[in-house]
Amino acid sequence: MRRMGAVLLFMATLVGVTGRTTAGPYSDDLAKCLVGATSPEDKSTLVKWVFSIASLHPALGSVSAVTGAQRAQTDREVAALFEALLTDRCRKQTQSAVRYEGEKTIGTAFEVLGQAAMMELFSDPSVARGLGAFTEHLDQKKLDALLGKTAQEP
């Protein structure tokens with residue numbers, strides 16, 4: 001049961017469901033290690049995993065075609081990454097963080113890693129362009145009226 005709680009906390013923090021708590025120095029060290037010890041490919045693995053999990057939501061069924069096999073593969077890849085980060089790449093920092101600040105530090109540190117992975121995703125030029133594409137469909141006059149702007153104002 002304790003393991004399941006740690007896994008759920010990891011998943012929730014990775015996707016940003018929980019609020020970031022105040023981190024101590026050992027948690028900060030672990031977070032820095034996790035971010036520094038992950039390659040761009042590792043961060044892509046995390047992003048793919050988050051997407052595959054999010055695609056389970058009924059609202060995304062019509063715009064996502066992630067298969068069960070693909071989801072199982074991303075689960076395996078994230079499990080291997082999670083294990084490598086905690087037990088190999090950031091072993092010392094993990095042990096210190098848990099010893100001095102408790103198991104919750106793992107979730108807090110992975111939240112930082114999740115944010116770094118998402119920042120990398122959204123910094124891709126194609127994704128950045130896609131983020132702004134919806135603005136082409138906004139009624140600028142309505143927005144200007146809302147903000148009290150006239151046609152002459154920038």
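Tutor: Helices here are DSSP runs of H or I with at least four residues, strands are runs of E with at least two, and both are numbered from the N terminus. Keep in mind that this is a predicted model.

Student: What share of the contacts with a separation of 6 or more comes from residues 24 or more positions apart?
Tutor: Contact here means heavy atoms within 4.5 Å. Of the contacts in the protein with a separation of 6 or more, the share from residues 24 or more positions apart is 76%.

Student: How do α2 and α6 pack, and is α2 parallel or oblique to α6?
Tutor: Two packed helices are described by the angle between their axes and the distance between the axes. For α2 (residues 25-36) and α6 (residues 104-122), the angle is about 40° and the axes are 8 Å apart. That angle makes α2 to α6 oblique.

Student: Which classes of residue make up the contact of α2 with α6?
Tutor: From α2 come S27, L30, A31, L34 and V35, and they meet T105, I106, T108, A109, F110, V112, L113 and A116 in α6. Sorted by class, the contact has 10 nonpolar, 3 polar and no charged residues.

Student: Is D42 buried or exposed?
Tutor: D42 sits in helix α3 (residues 40-54). Beyond residues up to four places away in sequence, D42 touches A37, L81 and R89. Buried means under 20% relative accessible area. Because its relative accessibility is 15%, D42 counts as buried.

Student: And S64, which is in a loop: buried or exposed?
Tutor: The loop that holds S64 lies between α3 and α4 (68-89). Leaving aside neighbours within four places in sequence, S64 is in contact with F51 and S55. At 16% relative accessibility, S64 is therefore classed as buried.

Student: How many of the 8 residues in α8 are buried?
Tutor: Across the protein, buried residues make up 29% of the 154 residues. Helix α8 (residues 140-147), in contrast, is hardly covered, and its count of buried residues is 0.

Notes:
Residues are numbered from 1 along each chain as its sequence is written. This is a predicted model: local features need pLDDT of at least 70, side-chain atom pairs count only at pLDDT 80 or more; totals for chains, interfaces and linings use all residues. Side-chain values use heavy atoms; hydrogens and water are left out. Buried means under 20% relative accessible area, exposed over 50%, partly exposed in between (1.4 Å probe, protein chains only). Axes are lines fitted to C-alpha atoms, for helices over the stretch in contact, and angles run from 0 to 180 degrees between N-to-C directions. Angles under 35 degrees count as roughly parallel, over 145 as roughly antiparallel, 65 to 115 as roughly perpendicular and the rest as oblique. Ala, Val, Leu, Ile, Met, Phe, Trp, Tyr, Cys and Pro count as nonpolar, Asp, Glu, Lys and Arg as charged, and the others, Gly among them, as polar.
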